[in-house]
Amino acid sequence: MIFDTHVHYDDEAFQEDRDTVLKSLAEHGIEAVVNIGASIQTTKNTLQLMKQYPFVYGAVGVHPSETGELTEPLMDWLRQVASEPKVVAIGEIGLDYYWDEPAREVQKHWFVRQLELARQVKLPVVIHSRDAAQDTLDIMKAEHSEEIGGVIHCFSYGVELAREYLKMGFYLGIGGVVTFANAKKLKEVVEYMPAERIVLETDCPYLSPVPNRGKRNSSLNLPYVVDMIAQLKGMTPEEVIAVTSQNAKRMYRLEGTGI
Ligand code: NI
């Protein structure tokens, strides 16, 4: 069954029908999802969803664009909740120079602090990196992230950077973007990388694949992503689902937990 490694089901886009969508996942072949914290509030929402639904796991952390709210007492709180059952990662954390807020030095500071937190609590990281290729790589190397592990979510760089992250033992999150006609660079990355390092993600409600591009995304759209990866890798969709699901469980250290 499909493992969706990156979702935001607490988003207001699911206000009307969240319970219906979540309860329909299993019958559509979605085994588990990881709801990703992007701020203190959405981390709280994630903890709530995790408790409510057995197939929802969680990542706790603060997205680079939200790091203006972080303080050391809030880091202590994140450390506390990181040890709750079903919390499988610290994230999403990183650098975002597309929105470029708050100041880059602020983003970098809290990126490093959250990498340190992940090391301390022995959880992998979910990395968000947008228009910040060099600084992200430099910080991750300086912090010896190869000892932490995790995923570069919504991977958006080229083959050369993919090689760097694969060398560090990281997984690359592939979602709806790979189905876009203009996603030549990402298609090359998928062709290049070993299938054993691909994890599926939606980033829903964002980034719906073709043919639903522009509409609200959900895990139910992942078969379109699976089909494109299968085509690029010369695999069957069933093989893609099996290998990416294994990868996700290995990455989030859920092997042997019975899911
Ligand atoms: Ni996200």
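Which residues are the protein donors of the nickel ion?

## Basis of the model

This is a predicted model, where local features need pLDDT of at least 70, side-chain atom pairs count only at pLDDT 80 or more, and totals for chains, interfaces and linings use all residues. Residues are numbered from 1 along each chain as its sequence is written, and side-chain values use heavy atoms, without hydrogens and water.

## The nickel site

The protein donors are His6 (NE2), His8 (NE2), Glu92 (OE) and Asp203 (OD). They lie 2.1 to 2.3 Å from the nickel ion. Donors are N, O and S atoms within 2.8 Å of the metal (3.2 Å for Na, K and Ca); water is not among the atoms, so sites may look incomplete.

Angles among the four donor atoms run from 86 to 173 degrees, and the site is irregular. Four donors count as tetrahedral if all angles lie between 85 and 135 degrees; four count as square planar and six as octahedral if opposite donors are over 155 degrees apart and all others between 65 and 115; anything else is irregular.

Along the chain, the donor spacing is H-x1-H-x83-E-x110-D. Glu92 sits in strand β4 (residues 87-96), and Asp203 in the loop between β8 (198-200) and α8 (222-233), so the pair ties together parts 111 residues apart in sequence. Helices (H or I, at least four residues) and strands (E, at least two) are DSSP runs, numbered from the N terminus.

## Burial

Glu92 has 3% relative accessibility and counts as buried. Asp203, at 9%, also counts as buried. Buried means under 20% relative accessible area, exposed over 50%, partly exposed in between (1.4 Å probe, protein chains only).
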